[in-house]
Each structure stands twice: as structure tokens, then as C-alpha cells.
Amino acid sequence: MNDLMTGSAHLDEKGENLIIIDQTLLPNRRVLLTINTAEALYEAIASLRVRGAPAIGIAAAYGIYVVSRAWEKESYASFCDKFGRTKEYINSSRPTAVNLSAALDRMEQVVLNNGRVEPVQLLPLLKAEAEKIHSEDIEMCRAISEYGLTLVKDGDGILTHCNAGPLATSKYGTGLGTLFLGRERGYEFHVWCDETRPLLQGARLTAYELYNAGIDVTLICDNMASYFMKQGKINAVFVGCDRVAANGDTANKIGTSGAAVLAKYYGIPFYVFCPSSTIDFSCVTGADISIEFRSPDEIKTMFFKEPSAPEGVKCCNPAFDVTDGELITAIVTERGVCRPPYEKSLYEMFKK
């Protein structure tokens with residue numbers, strides 16, 4: 001398909017800068033940003049210029065490598081100290097998605113495992129690790145998409161929430177990957193894409209990706225899902241996720257749990273698509289997942305010429321909610337499809 005299938009984060013040709021698509025400007029403008037400082041990387045992640053759990057991990061890995069190039073002439077002790085402090089700074093940009101901390105931990109481990117080499121010799125090792133994180137994500141997306149195709153049939157109607165396509169990953173996507181891979185193989189899906197308030201990732205990003213790929217897509221408001229489910233137009237719900245607890249509870253964009261409740265009521269399969277890096281066995285249940293709260297301006301002013309509510313009205317803006325595992329029909333991973341009870345299936349597939 002189009003060049004979006006290359007994902008949203010990569011190094012430039014010289015390997016000296018991180019390049020990302022500024023997702024806050026889509027769908028009207030496609031702008032590439034060049035990042036080479038920790039502050040710029042933090043801002044890009046915190047402000048959702050790069051978003052989607054896998055894409056955040058890839059950007060963080062490349063980004064901390066780029067930043068660390070400035071310390072190549074320092075002592076190992078100084079390099080290690082600056083790397084650790086920068087890692088913690090970048091990791092604080094968003095608290096919910098586990099991929100951010102997982103990628104940064106892997107990059108730091110390269111530094112800690114090579115204490116006998118000069119910092120200048122660490123740089124190619126760090127670059128190689130970041131490239132490995134990226135390539136693993138590409139392989140993961142394809143594997144998840146293959147498993148996803150076993151759960152649907154040609155002609156199905158699919159409801160999506162938020163964005164879990166190539167912009168949020170490296171290629172194909174997780175929650176949308178099945179649709180893109182199916183399109184390549186001649187499947188004809190009809191996608192009901194909800195807008196995903198308040199940041200409109202569904203309208204701005206998912207609809208944009210699907211439309212440009214030639215996939216039949218209809219944009220709906222978030223509160224219209226029940227209507228189309230009752231009409232029998234939706235055969236499955238596809239979502240990505242940012243963190244999965246050991247019991248199968250899943251954190252994803254706000255509104256996901258509501259879609260799951262509706263799907264349960266109407267007897268519609270609700271599928272969560274995620275890489276193994278998103279599964280966090282240190283979280284026993286969803287209650288252990290930290291939920292990010294964002295600015296009230298995203299609700300009242302961001303996409304409006306004038307405020308949509310009185311200036312003094314308070315807003316509460318949780319960016320994520322947790323879907324109980326009992327509402328999830330299956331969790332689709334790069335290793336296979338997990339079904340309830342997730343305490344058993346996730347452990348057997350990954351913990352070993």
C-alpha cells in the first residue's frame with residue numbers, strides 16, 4: 001500500500017537523527033519531524049506526536065541512541081550515568097504503555113553489559129539493539145495479523161476503536177494488521193471506525209490509514225456503536241492495547257471497556273491484539289495499571305474553533321480505561337491466540 005506501511009518512526013539515512021511522522025497534524029498534513037535531543041523526544045511522546053505502544057517503544061529506542069551519540073568521548077562511568085538519567089526522563093513521558101519502559105530497559109542493558117568498552121564502541125551496539133527492536137516489531141505485526149485472519153471471514157463487519165495500525169507500530173499494525181493483510185489477500189471487510197473521543201485517533205488516523213489502503217470504511221461517533229451492533233452490521237470488534245495484566249485485564253484507549261460491554265451484550269466477539277512486550281506479568285490485575293490523565297483542553301478546545309463547554313466547567317480526562325478479561329473473547333499475540341482463563345493461557349504461552 002502507501003508509504004504509511006513503513007511505520008511512523010525510523011532513523012535518517014545517516015543514522016544520526018530520529019525521524020517521526022507528526023501524528024497530531026494528520027490527516028490534513030503529513031509532516032516529518034527530526035529529533036536529536038532528549039527534550040524533543042520527551043515532548044514528541046508526551047504530546048502524542050508519536051503514539052501507539054509499539055511505535056513509542058521504537059521511537060524511544062532510536063531516540064536514546066541518537067541522544068547518546070553526544071557522549072561518545074566521555075568516560076564509561078559518565079556515559080552510564082547520563083544514559084540512566086536520560087532513560088528515566090524519557091520513560092516518564094507516558095506512564096501507561098509498557099513498551100516504552102521495555103524498550104528503554106533493553107537499551108540500558110546494552111550499556112550495562114558492556115562496561116569494558118569505550119562509549120564510542122557502545123554506539124554501534126545501541127544502534128543494533130534499536131534496529132532489532134524495530135525488526136522484531138515488524139515480524140510481530142505480521143504474525144499477529146496472520147493469527148487474526150483465522151478469527152474472521154470475508155465480508156465481515158469490524159468495529160475499531162482508537163488506532164492500532166502502521167502509524168502506531170512498524171508495519172501492518174496490531175489491531176488493524178488483520179485488515180491490511182486480509183486486503184492484500186483479497187478479503188473484503190467493511191470497517192466501522194469510531195472517532196475515539198477526545199483525541200479522535202479513529203477519525204484522524206484509523207480512517208486515514210484504511211481509506212488510503214482502499215479498505216471499505218465508515219466513520220461513526222463513539223456513541224453509535226450500539227446502534228450498528230443491534231442492526232447486525234458488526235461481526236467482531238478489533239482493538240489494540242497498551243498493557244495486559246497477568247489475568248487478562250487490558251488497558252487501552254478510553255472507551256475500549258464500553259465497546260467491550262456492548263459487544264458482550266450483543267454476543268459479538270471482542271478481540272484484543274497485542275505483542276508479547278505489552279504483557280506485564282508484574283501487574284496481577286488491571287487495578288495495578290497506572291492510568292494517565294491528560295489536559296482538559298483536549299475535551300473542550302483542541303478540535304473546536306470555540307470552547308465546547310463553559311470556561312469554568314471542570315473536566316476529567318483519563319486517557320485509558322481497563323477492560324476486564326472476562327469481557328475479552330481472545331487476546332491475539334505473535335505466538336498465537338490466548339483464550340480465557342487468561343491466568344493460565346498467558347502464562348503457558350509467555351511466562352516460560
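**Entry 1: what I am looking at.** I am working from a predicted model, so I read everything below as computed from that model.

Entry 2: I started with the open sheet whose 3 strands run in the order β1-β2-β3, with antiparallel pairing. Which strands stand at its edges? I found β1 (9-11) and β3 (32-35) there; each has a single partner strand, so one side of each is left without a neighbour in the sheet. From one strand to the next, the twist averages 30°. I then checked how β2 (residues 18-21) pairs with β3, and counted 4 bridges in the antiparallel sense. Within β3, Leu33 is the residue that stands opposite Ile20.

**Entry 3: a helix pair.** Next I turned to α1 (residues 38-46) and α2 (residues 53-68). I noted an angle of about 170° for their packing, and axes 10 Å apart. The two helices are therefore roughly antiparallel to each other, since an angle over 145 degrees counts as such. Which residues meet here? From α1 I listed Ala38, Leu41 and Ile45, and from α2 Ile56, Ala59, Ala60, Gly63, Ile64 and Val67. Sorted by class, this contact has 8 nonpolar residues, 1 polar and no charged ones.

**Entry 4: the sheet of 7 strands.** I traced another open sheet, this one of 7 strands with mixed pairing, in the order β6-β5-β4-β7-β10-β13-β14. Its edges are β6 (216-220) and β14 (336-338); each has a single partner strand, so one side of each is left without a neighbour in the sheet. On average, neighbouring strands here are turned by 25° against each other, direction ignored. I also saw helix α9 (residues 256-266) packing on the sheet, where α9 touches β7 (236-239) and β10 (270-273). The direction of α9 makes about 145° with that of β10.

**Entry 5: a closer look at β5.** I picked β5 (residues 190-194) and asked how many bridges pair this strand with β4 (residues 157-160). I got 4 bridges, in the parallel sense. Two of the partners I wrote down are Trp192 for Leu159 and Cys193 for Thr160. Is β5 mostly covered or open? The strand is mostly covered, with 5 of its 5 residues buried. Both faces are covered: His190, Trp192 and Asp194 lie on one side, Val191 and Cys193 on the other. As a reminder to myself, side chains in a regular strand alternate between the two faces of the sheet.

**Entry 6: Thr206.** I moved on to helix α7 (residues 201-212), where Thr206 is found. Thr206 has a relative accessible area of 0%, so I wrote it down as buried. The side chain of Thr206 has a polar contact of 3.1 Å with that of Asn163. Leaving out residues up to four places away in sequence, Thr206 touches Thr160, Cys162, Asn163, Leu176, Cys193 and Gln201.

**Entry 7: Tyr208.** My last stop was Tyr208, which is also found in α7. Tyr208 is buried because its relative accessible area is 18%, and the cut-off for buried is under 20%. How far apart are Tyr208 and Pro27 in sequence and in space? I noted 181 residues in sequence and 6.3 Å in space, C-alpha to C-alpha.

How values were computed. Residues numbered from 1 in each chain as written. Predicted model: local features only at pLDDT ≥ 70, side-chain atom pairs only at ≥ 80, totals over all residues. Heavy atoms only, no water. Axes fitted to C-alpha atoms, helices over the stretch in contact; angles between N-to-C directions. Parallel < 35°, antiparallel > 145°, perpendicular 65-115°, else oblique. Contact = heavy atoms within 4.5 Å. Nonpolar A, V, L, I, M, F, W, Y, C, P; charged D, E, K, R; others polar. Pairing = 2+ DSSP bridges. Buried < 20%, exposed > 50% of the residue type's maximum accessible area, 1.4 Å probe, protein only. Polar contact = N/O pair within 3.5 Å; in protein donor to acceptor, adjacent residues only side chain to side chain.
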